[in-house]
Amino acid sequence: MNPLRYQFHRASFIFHNHSRSPNFISSTCVCMISTLSVTNLIQDHIRNGNINDARQLFDQNPTCDIVTWNSMITGYIKNNQMQCAHNLFDQMPVRDVVSWNTMMSGLNKTKEPHKLYQFFLQMIRAGVIPNQFTFSTVISGFMNAFDVLVPQLHGLIVHLGLHSNVFVGSALMRGYTRLKDNEALHRVFDDVVVKDVSTWNALVVGYMELGFTVEAQVAFDNMPEVNIISWTTLVNGYIKNRKIDRARSIFDNMPYKNVVTWTAMIKGYVQYDNHIDAIHLFILMLKSGTGPNHFTYSTLLDACAGCSTFLLGNQLHSCILKSGLDREVVVSTALIDMYMKCGDLEAALYVFECMETKNTVSWNSVIGGCARHGLANRALCEFEKMIESGAKPDGVTYVNLLSACMHGGLVKEGERHFNSMGVRYGVKAEMKHYSCMVDLYGKSGELEKAEKLVKDMPFEPDVGVWGALLSACGLHSRYELANGLENLAHDYPTIYSMLVKLHGEKGEWSRAVEMRNKMMETGARKQKAGSRTD
DNA sequence: TTAGGGTTAG
């Protein structure tokens, strides 16, 4: 701690523990007035975004009170300087509930649920009583990582009498939605005494997420007031529940629309592979005078990738460059994916090279694109560069990498990466990774290794894994192994289809017909052909 | 001095 600041706090301590003479009180009043004006000045600097000026004033005034300390921390958080906020928090001689809440709101903003959890525990251990601000921040920050704590926090909230707070209520409703607890969702809604539009929106979101579209619509119809977020929530809810026509009908009849609403509806079409309607709607959006943002462009590029419309994708690229939105990592990544899927590898790699900041998803797009274009060694090379850049690989990186090895017949490389993914990077091998490895072994003729891997898998293989093994049997005429898989076909009727093909290839027509009949008995149908299976 | 809703890429 700054020595001057330390001396002030020591003096302050002595003052509070001794009898106060009139002169001392009078000088303290002057001190308080000046502290107040310094606090106001510091807060003004923060409001105006002058964090350095605020800090300078703060350092020059060792008499700053806890409100000023908290304001400085808020300033750093608003300025995205979490480390500075943390340093100041550590230096505080005394911390109150606001100090803790402010730090936790910063950790919520930077999406660090584990650190947030540690802060919350430390705060409780320090004997600080959480308030309504604490719970609304903590519940929101725990989302996804510690959903299981929601009912426990709810208990604490009721104990402290904070359950009727409108912010706490909204946070709890979202927590219970995550936990798929419809009853608790409604109970919390009822507990909020003075509901606002956000409370009602949280109810509509909750019902929609849980699949109760009728209840969501009733809630929407009963809302005392609706805003554009309520409308967008409703449209989005119907999209998530696969009621795209209903969503469109509401969308068309909305009293007002903005870029978020348009993007949500466009995304709805893309989500269900209706790329043409998505593009038509985008044109209507432009005609309406609403300008696209980076969310819209990413969605549209996904539509272009979905139906391989290189021309439109290329035109969108020009618009993106004009708007300066190419600096958005999501937009650039969507561009890479679009070019890769439209067959222009060069353009994809060029966009990638131009990117100032790359994240795991961007690297995955390039590695996956190279793999799909048959450039196995390039994919492996990009992976090495990814590691050198400090980006952390995830499950998708390894699916792409193993798939590159599979296309290139690189068994040794595939084995090396498969064996090191958990140890080196903490990426747990999932079904899709086993599926890739079985495919890799299978296509390379190493059926024994493929079979052993399937037997040693830590979970039950799915139809993808069995399918990979079976197709390898066909490729390398290993009929005895394929026949051994027949007993699995009852659970995975697709296997019958593969066995029909296999026996047909071998000329065993009676067995082929037998498999076909069994397939018909199970009601299995041949999958409709298509370039996308997701 | 501290808190909450709708749209994005692999």
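Modeller: A helix here is a DSSP run of at least four residues, numbered from the N terminus. This is a predicted model.

Colleague: Which helix holds Thr-213?

Modeller: Helix H13 spans residues 213–221. Thr-213 is therefore in a helix by the DSSP run. That helix is H13.

Colleague: Is Thr-213 buried or exposed?

Modeller: Look at its surroundings first. Leaving aside neighbours within four places in sequence, Thr-213 is in contact with Met-208, Tyr-238, Asn-241 and Lys-243. Buried means under 20% relative accessible area. Thr-213 has 8%, so Thr-213 is buried.

Colleague: Where do the buried residues of H15 lie around the axis?

Modeller: H15 covers residues 244–252, and its buried residues are Ile-244, Ala-247, Arg-248, Ile-250 and Phe-251. They cover an arc of only 165 degrees around the axis, so they lie on the same side of H15.

Colleague: What covers the buried residues of H15?

Modeller: Several helices take part. The cover includes helix H13, helix H14, helix H16 and helix H17.

Colleague: How many degrees of arc do the buried residues of H11 cover?

Modeller: In H11, residues 182–191, the buried ones are Ala-184, Leu-185, Val-188 and Phe-189. They sit on the same side of H11, because their arc around the axis is only 140 degrees.

Colleague: Which residue's side-chain oxygen reaches a backbone nitrogen at the start of H11?

Modeller: The backbone nitrogen belongs to Glu-183. The side-chain oxygen comes to within 3.4 Å of that nitrogen.

Colleague: Which residues of the largest nonpolar core touch the most other members?

Modeller: In soluble globular proteins, nonpolar side chains tend to be buried together. The largest nonpolar core here has 152 residues. Not counting residues up to four places away in sequence, Met-72 touches residues including Ile-42, Ile-46, Phe-58 and Leu-88. The members that touch the most others are Ile-42, Met-72 and Met-265.

Colleague: How many residues of the surface near DNA strand B are charged?

Modeller: There are 50 residues around DNA strand B, and Asn-70, Asn-101, Asn-201, Lys-267 and Asn-364 come nearest. The surface has 13 nonpolar and 31 polar residues. The charged ones number 6.

Definitions and conventions: Residues are numbered from 1 along each chain as its sequence is written. Chains are lettered from A and ligands numbered from 1 in the order in which they are written. This is a predicted model: local features need pLDDT of at least 70, side-chain atom pairs count only at pLDDT 80 or more; totals for chains, interfaces and linings use all residues. Side-chain values use heavy atoms; hydrogens and water are left out. A residue is near a molecule or strand if one of its heavy atoms lies within 4 Å of it. Ala, Val, Leu, Ile, Met, Phe, Trp, Tyr, Cys and Pro count as nonpolar, Asp, Glu, Lys and Arg as charged, and the others, Gly among them, as polar. A nonpolar core is a set of buried Ala, Val, Leu, Ile, Met, Phe, Trp, Tyr and Cys residues joined through side-chain atoms within 4.5 Å. Buried means under 20% relative accessible area, exposed over 50%, partly exposed in between (1.4 Å probe, protein chains only). Contact means heavy atoms within 4.5 Å. Helices (H or I, at least four residues) and strands (E, at least two) are DSSP runs, numbered from the N terminus. The arc is that of the directions from the helix axis to the C-beta atoms. A polar contact is a pair of N or O atoms within 3.5 Å; within protein, one must be able to donate a hydrogen and the other to accept it, and residues adjacent in sequence count only if both atoms are side-chain atoms.
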